[in-house]
Amino acid sequence: MLDILIYGAVISAVYALLAVGFTLIFGVARILNLAHGAFYALGAYCVYTLTANLHVPLVIAAIIAVLLVALFGIAMERVLVRPLRKLPPLAVLMMTLAVGLMVEQILLLIFGSEARNVPSLVESSFDFGGVLLSGQRLLAFFCSVAILGGLWLFMQHTRLGAAILAVSQDPEGARYMGIPSDRIFSIVMGLSAAIAAAAGVLVAPFQSVIPGMGLLPLVKAFAIVIVGGLGSIPGSIVGALLLGYSETIVAFKASIEWSQIVSVAAVLIVLIVRPAGFFGKRAAF
Amino acid sequence: MLAWGSLSKTDVIGAIIVVALLATAPFVGSRYIIGIMTVALCYAIWATSWDFMSGLTGRENFGHALFIGTGAYTAGFLNVSFGLSPWWGFPAAAIVAVLFSLLIGFPTLRLRGPYFALAMLSAAVVMQKLSIIFSETTGGQDGLNGLSPMLRSQVSAYYFTLGALVVTVTILKLIALSPWGTILRAIRGDEATCQAAGINVNFYKICALMISAAFAGFGGALYANYQLQVGPDLFDVALSINIIIMVYVGGMGSIYGPVGGALLLIGLTEGLRSFSEYRLWVYTLVLILILFFIPSGVIAPAWVRLRDWIRRSGATFARRANA
């Protein structure tokens, strides 16, 4: 029982990180970013290259990796996505998908298909009432919660955060108030990329780092966001908890295989019962 | 009530010339080339069936491999595990693919927004994972091997696939030209107006997906029976994307364009054989360039231009002959 509680919390926290970035860029810029999983994989590979090849200390490597991926996200928005915004939304969707595949292919060309190892920041394990948890998982949990808290403070208590919220509510109205929507889109894409990269960096030590590692997290992020409601940040956190715990429960009670189906089953059930998700507005589209 | 009228004589003659050219391939090409061509024709069936649903109604399907994979695995199971003749695989594959299309289409196609596209994408990914996880029944990474061949010679398999492609394109094109197709295109244009006109939009969208899935499943079974092997790569996202790129190159919503797109891209793949690692890279680059510069595609617009040119020069020729 306790092991489900603890492992579920760790998984949910990482899922929440992934889903929050995915829902943020959708809520603000209406971009459904299929390259989100690529950001996650890029984060993990950046840390790997920096530590294994360039021998940068792990903490600094993690920070550089997150910044680099954020820059990549901004560049993608500026160069590839923005010119397509006039076209039907489908073109943007295809473009983000193309970028995602391109990143995966480039990683495959540079690093090959075998799994890479990233060292843990915390080597020791901790004992919680008989449940052994590795330090890196504990760190991933606390860092995720800290990042989510920081994001909340940023959105609620800074001018930039207020501007982002304003654009998400009404891009045109925000422009009339003198908020540069286009720049906000870039910033949010960078922020979303940074959060996804942070998730990749945090899980890299206990996940196999392979070029295709971003695909399943993308599917999970999508499922969480559907459950929580597209575009809603609190919704995606609740969705992450729901999905993280149900996967853990299924993994512990049935088998790890069946836990893969949970996300798709959840998507189908939510779309039939309440299509807007738990926290989404009805007819958000 | 088939709208033969909107197919001009030039269109039909053009199609016959293309089919005749494809039919001469076994006399010209080596065994190797015929093998590649057969695979390309399978891709053409998949791309055409994708175009029927997504090109006409404008609802993007990011997981067409779901239908292809389920069709191929159905054919594989019936043949390898139950020892049925390969011919049973075709109807069974189409039926199973249609069941999957109902499972995904019914909850998601009612909704506006990207739900359908993403649900298809994740369903295909999960099916691929499941096919690897339940490796006792599905053969895992190696898939199902040793299907018994349906046709003895390679050339007859090629002609069978070509025939299947011709039937697929003809049926789908005729539906697209019928009032049904008009409704599907109207849904792409403005869904709310269609609803206001009393059209049951969801019914048409789900039916279009079922038809698309049936042909994709059939194409999957065809591919399985030709390759005599089924693997989890038939559920791959890369396969879904390749198909979408072929349709983009061919021209969305034209039904015949994707056939050209498939042949062109498989040809390109063969040309880049020595750089096989860079293949998907090139594909995605092609996609990005097309999205930026020629969003209406290559093959279908090219044919429309050629046809107009033939008509114009034909008219001047007739005028001169009369004078």
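Me: In which helix is Leu280(B) found?
Reply: This is a predicted model. Leu280(B) belongs to a helix of chain B that covers residues 279-293. That helix is α13.

Me: Is Leu280(B) buried, exposed or partly exposed?
Reply: Count the other C-beta atoms within 10 Å of Leu280(B): there are 19. Buried needs 20 or more, and exposed needs 12 or fewer. Leu280(B) is therefore partly exposed.

Me: Which residues does Leu280(B) touch, leaving out those up to four places away in sequence?
Reply: Chain B supplies Ala238(B). Chain A supplies Leu101(A) and Gln105(A).

Me: How far apart in space are Leu280(B) and Asn242(B), C-alpha to C-alpha?
Reply: In sequence, 38 residues separate Leu280(B) and Asn242(B). In space, their C-alpha atoms are 8.3 Å apart.

Me: Which helix gives the most to the side of chain A that touches chain B?
Reply: The interface pairs 30 residues of chain A with 28 residues of chain B. On the chain A side, α4 (89-111), α9 (215-228) and α11 (259-273) each supply at least two residues. By class, that side has 26 nonpolar, 3 polar and 1 charged residues. The top contributor, with 11 residues, is α4(A).

Me: How are α1(A) and α9(A) oriented to each other?
Reply: Their axes lie 9 Å apart, at an angle of about 75°. Angles of 65 to 115 degrees count as roughly perpendicular. So α1(A) and α9(A) are roughly perpendicular.

Me: How do the residues of the contact of α1(A) with α9(A) divide by class?
Reply: α1(A) brings Tyr15(A), Leu18(A), Ala19(A), Phe22(A) and Thr23(A). α9(A) brings Pro217(A), Lys220(A), Ala221(A), Ile224(A) and Val225(A). The division is 8 nonpolar, 1 polar and 1 charged.

Me: What should α1(A) span, at 1.5 Å a residue?
Reply: α1(A) has 28 residues, and its end C-alpha atoms are 40 Å apart.

Me: How many residues of α1(A) are buried?
Reply: α1(A) is largely enclosed by the rest of the structure. Arg30(A), with a positive phi near 55°, follows the helix. Of the 28 residues of α1(A), the buried ones number 21.

Me: Where in chain A is confidence lowest?
Reply: The mean pLDDT of chain A is 87, and 98% of its residues reach 70 or more. The highest mean, 94, is in α8 (residues 181-203) of chain A. The lowest mean is 79, in α11(A).

Note on methods:
Residues are numbered from 1 along each chain as its sequence is written. Chains are lettered from A and ligands numbered from 1 in the order in which they are written. This is a predicted model: local features need pLDDT of at least 70, side-chain atom pairs count only at pLDDT 80 or more; totals for chains, interfaces and linings use all residues. Two residues are in contact if their C-beta atoms, placed from the backbone, lie within 7 Å. Helices (H or I, at least four residues) and strands (E, at least two) are DSSP runs, numbered from the N terminus. Ala, Val, Leu, Ile, Met, Phe, Trp, Tyr, Cys and Pro count as nonpolar, Asp, Glu, Lys and Arg as charged, and the others, Gly among them, as polar. Axes are lines fitted to C-alpha atoms, for helices over the stretch in contact, and angles run from 0 to 180 degrees between N-to-C directions. Angles under 35 degrees count as roughly parallel, over 145 as roughly antiparallel, 65 to 115 as roughly perpendicular and the rest as oblique. pLDDT is the predictor's confidence in each residue, from 0 to 100. The expected span of a helix is 1.5 Å times one less than its number of residues.
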